[in-house]
Amino acid sequence: MARSSGPFSSPPGSVFPDPSVLEGVTAPAFAHLPDPATLFARRAERFARLAQGHPLGAYLSFLSQIARAQHVAAERAPAPEPPDAEAVERARTHEMPPLDRSHFTADAAFESLFDRLLSQARAIEKPEPAEAALARVQAASDAERGEMIRNVLADSIPVETLAEHLYVAAALQVHFARLAARLDAARLVPVGDGVCPACGGPPVASVVVDWPAAHGARYCACALCSTWWNFVRVRCTACGSTGGIAYQEVEGGNGAIKAETCDACHSYAKVLYLSKDPDLDPVADDVASLGLDLKQKEGPYRRSTFNPFLLGY
Ligand SMILES: [Zn+2]
Ligand SMILES: [Zn+2]
């Protein structure tokens with residue numbers, strides 16, 4: 001297995017990279033909010049491209065159409081109630097995420113979005129188990145739907161009902177991306193390692209960007225609301241350790257996706273490098289790089305990130 005060390009050398013115990021590598025670089029913005037008008041359409045295109053000649057091609061094509069359904073739902077469903085301004089400020093004062101998942105209730109806007117997404121999903125060509133799962137979600141009682149919503153928001157999906165939860169997660173991603181888009185990125189503050197500053201969730205992966213204003217900066221991408229937040233490189237996104245970090249990739253890979261492993265908490269998370277491929281999408285490329293997760297099954301590291309579309313994780 002290929003191993004490489006990161007380009008930044010961090011002194012042990014320090015969260016800061018060598019200052020010399022930052023010379024002439026303006027500080028990157030802490031957070032970037034999602035744009036629901038383009039997020040899911042681009043993801044649909046990415047899934048479709050990744051599907052070509054891929055061993056998981058059929059599944060990636062299905063997810064491309066799910067992302068397309070998310071795009072349509074985001075365009076047509078009524079806008080959600082914006083987060084309460086006072087509660088947002090209160091959360092900031094207490095270094096808490098402004099979108100409170102633990103008190104989420106499925107309001108009329110969400111129900112409308114969910115129904116639109118499900119009706120879009122009905123038209124998708126899919127294998128029989130996915131069809132049956134969709135039928136079960138559509139027939140679910142309010143209580144059953146509520147339980148599935150809570151599971152997704154707790155990042156804890158029962159293995160036996162992954163197929164049902166996929167649709168619920170798709171709807172929640174749209175809803176929370178639309179809520180996050182209404183926040184003020186400049187008012188977001190760090191709320192903890194591995195925690196989205198907008199909704200409090202874990203990342204799906206992290207991305208090293210090559211943007212002119214933030215060249216070489218890394219961002220964690222939220223699995224739920226798609227907010228990106230700045231996070232120092234060569235530091236575990238789960239526990240914050242800067243020691244015992246190493247990188248692995250699949251043999252023959254182009255270096256665009258690596259697993260960052262941490263010996264402190266024995267976890268790994270994927271890092272995507274936009275300089276190697278500008279079309280990388282955290283959610284789509286995470287699913288398509290399942291081979292990297294399968295490699296990790298042989299080793300001591302467990303996945304710390306969350307992706308409701310990555311079956312079996
Ligand atoms: Zn989030
Ligand atoms: Zn760690």
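Student: Let's start with E95, then; where does it lie?

Tutor: E95 lies in the loop between α3 (85–93) and α4 (108–122), and, keeping in mind that this is a predicted model, its phi is positive, at about 50°, although E95 is not a glycine.

Student: And S226, what does its phi look like?

Tutor: S226, again a residue other than glycine, has a positive phi near 65°, and its place is in the loop between β4 and β5.

Student: Is S226 buried or exposed?

Tutor: S226 has a relative accessibility of 8%, so it counts as buried.

Student: Now the metals. Which residues coordinate the zinc ion (ligand 1)?

Tutor: The zinc ion (ligand 1) is held by the SG atoms of C196, C199, C222 and C225, at 2.3 to 2.4 Å, and these donors follow the spacing C-x2-C-x22-C-x2-C along the chain.

Student: Which parts of the chain does that tie together?

Tutor: C196 sits in the loop between α7 (162–181) and β3 (203–208), while C225 sits in the loop between β4 (218–222) and β5 (228–230), so this pair ties together parts that are 29 residues apart in sequence. Both C196 and C225 are buried.

Student: What is the geometry at the zinc ion (ligand 1)?

Tutor: The site is tetrahedral, with angles of 96 to 117° among the 4 donor atoms. For reference, the ideal angle for four tetrahedral donors is 109.5 degrees.

Student: And what coordinates the zinc ion (ligand 2)?

Tutor: The SG atoms of C236, C239, C262 and C265 coordinate the zinc ion (ligand 2), at 2.3 Å, and the spacing of these donors along the chain is C-x2-C-x22-C-x2-C. The 4 donor atoms subtend angles of 106 to 113°, which makes the arrangement tetrahedral.

Student: Where do C239 and C262 sit?

Tutor: C239 is in the loop between β5 and β6 (245–249) and C262 is in strand β7 (residues 257–262), so that the pair links distant parts of the chain, 23 residues apart.

Student: How accessible is C239, and how accessible is C262?

Tutor: C239 has 35% relative accessibility and therefore counts as partly exposed, whereas C262 is buried, with a relative accessible area of 1%.

Student: Staying with the strands, where is S206, and what does it touch?

Tutor: S206 is in strand β3, and, leaving aside residues up to four places away in sequence, it touches R218, Y219, C220, A221, K270, V271 and L272. Its relative accessibility is 2%, so S206 counts as buried.

Student: Switching to helices, how do α1 and α7 meet?

Tutor: The axes of helix α1 (residues 36–51) and α7 come within 10 Å and cross at roughly 145°. The contact is made by P36, L39, F40 and R43 on the α1 side and by Q173, V174, A177, R178 and A181 on the α7 side, and its residues divide into 6 nonpolar, 1 polar and 2 charged.

Student: What does Q70 touch?

Tutor: Not counting residues up to four places away in sequence, Q70 touches F40, L117, A170, Q173, V174 and F309. Q70 itself is in helix α2 (residues 57–76), and at 0% relative accessibility it counts as buried.

Student: And P80, where is that one, and what are its contacts?

Tutor: P80 lies in the loop between α2 and α3, and its contacts, again without residues up to four places away in sequence, are A109, H175, R178, L179 and R182. P80 is buried, with a relative accessible area of 5%.

Student: How many Å separate the C-alpha atoms of P80 and T227?

Tutor: Those C-alpha atoms are separated by 17 Å, with P80 and T227 lying 147 residues apart along the chain.

Student: Last topic: how many aromatic pairs are there?

Tutor: The structure holds 6 aromatic pairs. In one of them, F104 and F110, the ring centres are 5.3 Å apart and the planes are at 90°, so the pair is edge-to-face.

Student: Are F104 and F110 buried or exposed, and which residues form the aromatic cluster?

Tutor: Both F104 and F110 are buried, and F104, F110, F114 and F176 form one aromatic cluster.

Technical notes
Residues are numbered from 1 along each chain as its sequence is written. Chains are lettered from A and ligands numbered from 1 in the order in which they are written. This is a predicted model: local features need pLDDT of at least 70, side-chain atom pairs count only at pLDDT 80 or more; totals for chains, interfaces and linings use all residues. Side-chain values use heavy atoms; hydrogens and water are left out. Donors are N, O and S atoms within 2.8 Å of the metal (3.2 Å for Na, K and Ca); water is not among the atoms, so sites may look incomplete. Four donors count as tetrahedral if all angles lie between 85 and 135 degrees; four count as square planar and six as octahedral if opposite donors are over 155 degrees apart and all others between 65 and 115; anything else is irregular. Helices (H or I, at least four residues) and strands (E, at least two) are DSSP runs, numbered from the N terminus. Buried means under 20% relative accessible area, exposed over 50%, partly exposed in between (1.4 Å probe, protein chains only). Axes are lines fitted to C-alpha atoms, for helices over the stretch in contact, and angles run from 0 to 180 degrees between N-to-C directions. Contact means heavy atoms within 4.5 Å. Ala, Val, Leu, Ile, Met, Phe, Trp, Tyr, Cys and Pro count as nonpolar, Asp, Glu, Lys and Arg as charged, and the others, Gly among them, as polar. Rings of Phe, Tyr and Trp (its six-membered ring) pair if their centres lie within 6.5 Å; planes under 30 degrees apart count as stacked, over 60 as edge-to-face and the rest as tilted.
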